[in-house]
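Below is a short briefing on one protein chain, meant to be read beside its sequence and structure.

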Amino acid sequence: MQTETCLHITQGRSCYSHSTMNGLCSTAPLDLHNTQRIHTAWKSRIHDFMQSPLPWRKIYRQATNETSLLGESLETLLSHKRGQIVFRDFLKSEFCEENLDFWLACQEYKTHESPEKLRWRAENIYEEFITAESPKQVNLDFSTRDAISRSLQQPTASCFVAAQKKVYSLMENGSFQRFIHSEQYKVLSDAALKQKGLRKHRKALKTKSTGDLLQPDSKAILLQRDLHLWHGD
């Protein structure tokens, strides 16, 4: 009798180990009077079932936040790292990538707070983009350049704001209008559409998976029901 019981338990363990997502081993020859063993076994199976990966989770991890690049807005484009890279590549083909470099430098400049850091960074930007000998001189009028030069004595976080707005306007009304009709923008748009489709597919899979788990005859509910019944014994 003891040998037969051990055989039944061994068979039951084998059945459990091969039923990760699909198995209710309702026909397993377990000793139904051993409620403690049954309780432990089914509790383990429910835990494994609930922790098992679902396809929509993998798709969710692969999705990115850069799926809103289709709007014909320079502000939206520059709010994404990928948009900045592609737009700069286009500006480089027009020999005016310094406009975006200056705009990004101004954005970074405004993040500093200490007077020492502001003064050091302001001088760097001025030398790189503003002076007549600048390697990346941007197109600014004399009054704007002069105002920046005078502000270098005590630079504030806003000393490049006027110049940044002028350069932004140049990009928005000039290069950006050509960019949205370029091959680079088409490639970027296609990539965004694919990601948008992936997001919809993930949402559909998530809904389906959730629906499957909530069906009255779903395996998760059956497992929980059987555990409750056997625990009650």
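The model is a predicted one. The protein chain holds eleven helices and zero strands. Of its 233 residues, 36% count as buried.

**Overall fold**

- From the N terminus on, the order of elements reads α-α-α-α-α-α-α-α-α-α-α.
- Among contacts in the protein chain with a separation of 6 or more, 62% are between residues 24 or more positions apart.
- The protein chain has an accessible surface of about 14,900 Å². Carbon and sulfur atoms account for 54% of that surface.

**Helix H9**

- Helix H9 covers residues 161-179 and has a bend of about 35 degrees at Glu-172.
- Its buried residues are Ala-163, Gln-164, Val-167, Tyr-168, Met-171, Gly-174, Ser-175, Phe-176 and Phe-179.
- Three of the topics below concern residues of this helix: Gln-164, Val-167, and the pair Phe-176 and Phe-179.

**Gln-164, a buried polar residue in H9**

- Gln-164 is in helix H9, and its relative accessibility of 6% makes it buried, because the limit for that class is under 20%.
- Its side chain makes a polar contact with the side chain of Gln-107 at 2.8 Å.
- A polar contact at 3.2 Å joins the side chain of Gln-164 to the side chain of Lys-110.
- Leaving out residues up to four places away in sequence, Gln-164 touches Phe-102, Trp-103, Cys-106, Gln-107 and Lys-110.

**Val-167 in H9**

- Val-167, also a residue of helix H9, is buried at 0% relative accessibility.
- Val-167 and Trp-103 are 64 residues apart in sequence, while their C-alpha atoms are 7.1 Å apart in space.

**Aromatic residues**

- The whole structure contains nine aromatic pairs.
- In the pair formed by Phe-176 and Phe-179, the ring centres are 6.2 Å apart and the planes meet at 35 degrees, so the pair is classed as tilted.
- The two residues are three residues apart in helix H9, and so are separated by about one helical turn.
- Phe-176 is buried at a relative accessible area of 2%, and Phe-179 is buried at 0%.
- Phe-176 and Phe-179 belong to one aromatic cluster that also includes Phe-87, Phe-90 and Tyr-185.

**Cysteines**

- How many disulfides are there? The count is zero.
- A disulfide is a covalent bond between the sulfur atoms of two cysteines.
- For Cys-159, the closest cysteine sulfur is that of Cys-106, at 8.2 Å, which is too far for a bond because a disulfide needs the two sulfur atoms within 2.5 Å.
- Cys-159 is buried, with a relative accessibility of 13%.
- Cys-96 is buried too, at a relative accessible area of 12%.

**Phe-95, with a positive phi**

- Most residues other than glycine have a negative phi.
- Phe-95 is not a glycine, yet its phi is positive, at about 60 degrees.
- Phe-95 sits in the loop between helix H5 (81-93) and helix H6 (98-109).
- Is Phe-95 buried or exposed? At 72% relative accessibility, Phe-95 is exposed, because that value is over 50%.

- Ser-151 is in helix H8 and is buried, with a relative accessibility of 19%.
- The side chain of Ser-151 reaches the backbone oxygen of Ile-148 at a distance of 2.7 Å.
- Ser-158 lies in the loop between helix H8 (142-151) and H9.
- Ser-158 is partly exposed, at a relative accessible area of 48%.
- In sequence, Ser-158 and Cys-106 are 52 residues apart; in space, they are 9.2 Å apart from C-alpha to C-alpha.

Notes: Residues are numbered from 1 along each chain as its sequence is written. This is a predicted model: local features need pLDDT of at least 70, side-chain atom pairs count only at pLDDT 80 or more; totals for chains, interfaces and linings use all residues. Side-chain values use heavy atoms; hydrogens and water are left out. Buried means under 20% relative accessible area, exposed over 50%, partly exposed in between (1.4 Å probe, protein chains only). The bend at a residue is the angle between axes fitted to the seven residues ending there and the seven starting there. Helices (H or I, at least four residues) and strands (E, at least two) are DSSP runs, numbered from the N terminus. Rings of Phe, Tyr and Trp (its six-membered ring) pair if their centres lie within 6.5 Å; planes under 30 degrees apart count as stacked, over 60 as edge-to-face and the rest as tilted. A polar contact is a pair of N or O atoms within 3.5 Å; within protein, one must be able to donate a hydrogen and the other to accept it, and residues adjacent in sequence count only if both atoms are side-chain atoms. Contact means heavy atoms within 4.5 Å. Accessible areas come from the Shrake-Rupley method with a 1.4 Å probe; for residues, only the protein chains shown count as cover.
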